Amino acid sequence: MMSMTCHSLEGRAVLDLVACGCSSNALLDRSSVRNYTKASSKGICRGYGARQLVCGRRDRIRCGVSSMKTAETPVPKKTAETLLNSVSGVSQGFPQVLDLNQESRRPVSLTNLFEVVADDLLTLNQNLQSIVGAENPVLMSAAEQIFSAGGKRMRPALVFLVSRATSEIVGLKELTMEHRRLAEIIEMIHTASLIHDDVLDESDMRRGKETVHQMFGTRVAVLAGDFMFAQSSWYLANLENLQVIKLISQVIKDFASGEIKQASSLFDCDVELEEYLIKSYYKTASLIAASTKGAAIFSGVDSYIAEKMYDYGKNLGLSFQVVDDILDFTQSAEQLGKPAGTDLAKGNLTAPVIFALEKEPKLRDIIESEFSDTGSLDEAIRLVKACGGIEQAQVLAKEKAHLAIQNLECLPNTAFRLALEDMVMFNLQRID
């Protein structure tokens, strides 16, 4: 279906980044991953260098994707779109993906998930407000508003989990100051992006609470987000690791690229799934991938394992975004903390809509009218559900989750690796 040559984006191997919801053909469950890695990985990844992946995708076409390891070789800057080259293949049907209905699968809660890094997260929470700084009480109040809005701290938790999992490979007994500072920086960058997102989306609520711009006004919200980006950049520079500085700096650029891509494609019914995945990478997966790779770099593991951690974060982030986009159609306003169907109402066409548009011409007419008729948004939501858009998006989320699980095979079998696997399963439980 698609042949692609691996390029690097700011020194990052991102070949699989835009692969349209791909996964390998073998059925992968949690027990089989553990049984395999006990026998073969022992903390060391096999198959260093070039590799071949066979992928499935949404239009029931099977594709071969060629990849070449390029972690440490800088190349000219390229946009993610240049990774999409020629398309060819034969019909094969959907690949097998993670089975969420196995009797052996135990429910995963965030409390249990983060238990092995609970002390690390406690220290992070204590440090966050002091690291933001108290120079301006208004900006501090704005930051406190979103820090206290019930965030899951998923990104810093991933930093701690990968830090501890990779530290065991090299014999580190405790996390370094750089590991802890990275987690704080990542949460600050994430928080700043949320403040700006709410301004751009004109959202009044986040996690059931008023947004910063709703409480303090747009001007203060924009300045608060800018301040947190600047403060995080200052702390990042003080880590004095050029590789990590470049990695995290690219994330801030990716945020802007994602917003521009989204703004330029509102109500565009011709948007392709590949474009959606690129935008999702920029807006969500880029930060998670940089977080997990940065943690591995500070542990001092070899570049191959660091790249595997990058791939894990990328695939988890893409799966997470697809699940979020599914929930926008399947959960109530009370569960979401915002009105259901918000993205669609604003013309942001996500995976469920893109899939449904392939089957229902009427949906295109409604969207292109920008929901000008009374009840048209509700009708569009009904059509997305009726045309199988939700189910196909679920397959896509599971395919990305499958890849994320595979990316962990290079880690030793510890409680930290188990928690990283559980993070993948927790995300999928939200649509189970």
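## Helix packing in a predicted protein model

In helix 5, Met154, Leu158, Leu161, Val162, Arg164, Ala165 and Glu168 meet Phe416, Arg417, Ala419, Leu420 and Met423 of helix 18. Sorted by class, this contact comprises nine nonpolar, no polar and three charged residues. Helix 5 spans residues 154-170 and helix 18 spans residues 415-429; the two pack at an angle of about 145 degrees, with their axes 8 Å apart. The crossing of helix 5 past helix 18 is left-handed.

The model described here is predicted. Its protein chain contains 18 helices and seven strands. Of the 432 residues in the chain, 57% count as buried. The accessible surface of the chain comes to about 17,700 Å², and carbon and sulfur atoms account for 52% of that surface. Among the contacts in the chain with a separation of 6 or more, 79% are between residues 24 or more positions apart.

| Helix pair | Angle | Axis separation |
|---|---|---|
| Helix 5 and helix 18 | about 145 degrees | 8 Å |
| Helix 8 and helix 9 | about 165 degrees | 10 Å |
| Helix 11 and helix 18 | roughly 15 degrees | within 9 Å |

### Helix 8 and helix 9

Helix 8 covers residues 218-237 and helix 9 covers residues 242-263, and they pack at an angle of about 165 degrees. Because of this angle, helix 8 is roughly antiparallel to helix 9. Their crossing is left-handed. On the side of helix 8 the contact is made by Phe229, Ser233, Leu236 and Ala237, and on the side of helix 9 by Val244, Ile245, Ile248, Ser249, Ile252 and Phe255. By class, eight of these residues are nonpolar, two are polar and none is charged.

### Helix 11 and helix 18

Helix 18 also packs with helix 11, which spans residues 303-330; the axes of these two helices cross at roughly 15 degrees. Helix 11 and helix 18 are therefore roughly parallel to each other. The crossing of this pair is left-handed. Helix 11 contributes Tyr312, Leu316, Ser319, Phe320 and Val323 to the contact, while helix 18 contributes Leu420, Met423, Val424, Asn427 and Leu428. These residues divide into eight nonpolar, two polar and no charged. Leu420 and Met423 of helix 18 meet residues of helix 5, and Leu420 and Met423 also take part in the contact with helix 11.

### Two individual residues

Asparagine 413 lies in the loop between helix 17, residues 389-407, and helix 18. Asparagine 413 has a relative accessible area of 38% and is therefore partly exposed. In sequence, asparagine 413 is 248 residues from alanine 165, yet their C-alpha atoms are 8.8 Å apart in space.

Isoleucine 297 is found in helix 10, which covers residues 273-299. Its relative accessible area is 15%, so isoleucine 297 is buried. Leaving aside neighbours within four places in sequence, isoleucine 297 is in contact with Asn241, Gln243, Val244, Leu247 and Ala306. Among them, Val244 also belongs to the contact of helix 9 with helix 8. Isoleucine 297 and threonine 166 are 131 residues apart in sequence, and the distance between their C-alpha atoms is 9.0 Å.

Note on methods
Residues numbered from 1 in each chain as written. Predicted model: local features only at pLDDT ≥ 70, side-chain atom pairs only at ≥ 80, totals over all residues. Heavy atoms only, no water. Helix = DSSP H or I, 4+ residues; strand = E, 2+ residues; numbered from the N terminus. Buried < 20%, exposed > 50% of the residue type's maximum accessible area, 1.4 Å probe, protein only. Contact = heavy atoms within 4.5 Å. Areas by Shrake-Rupley, 256 points an atom, 1.4 Å probe, with all protein chains shown as cover. Axes fitted to C-alpha atoms, helices over the stretch in contact; angles between N-to-C directions. Left-handed = near helix turned anticlockwise from the far one by under 90°. Nonpolar A, V, L, I, M, F, W, Y, C, P; charged D, E, K, R; others polar. Parallel < 35°, antiparallel > 145°, perpendicular 65-115°, else oblique.
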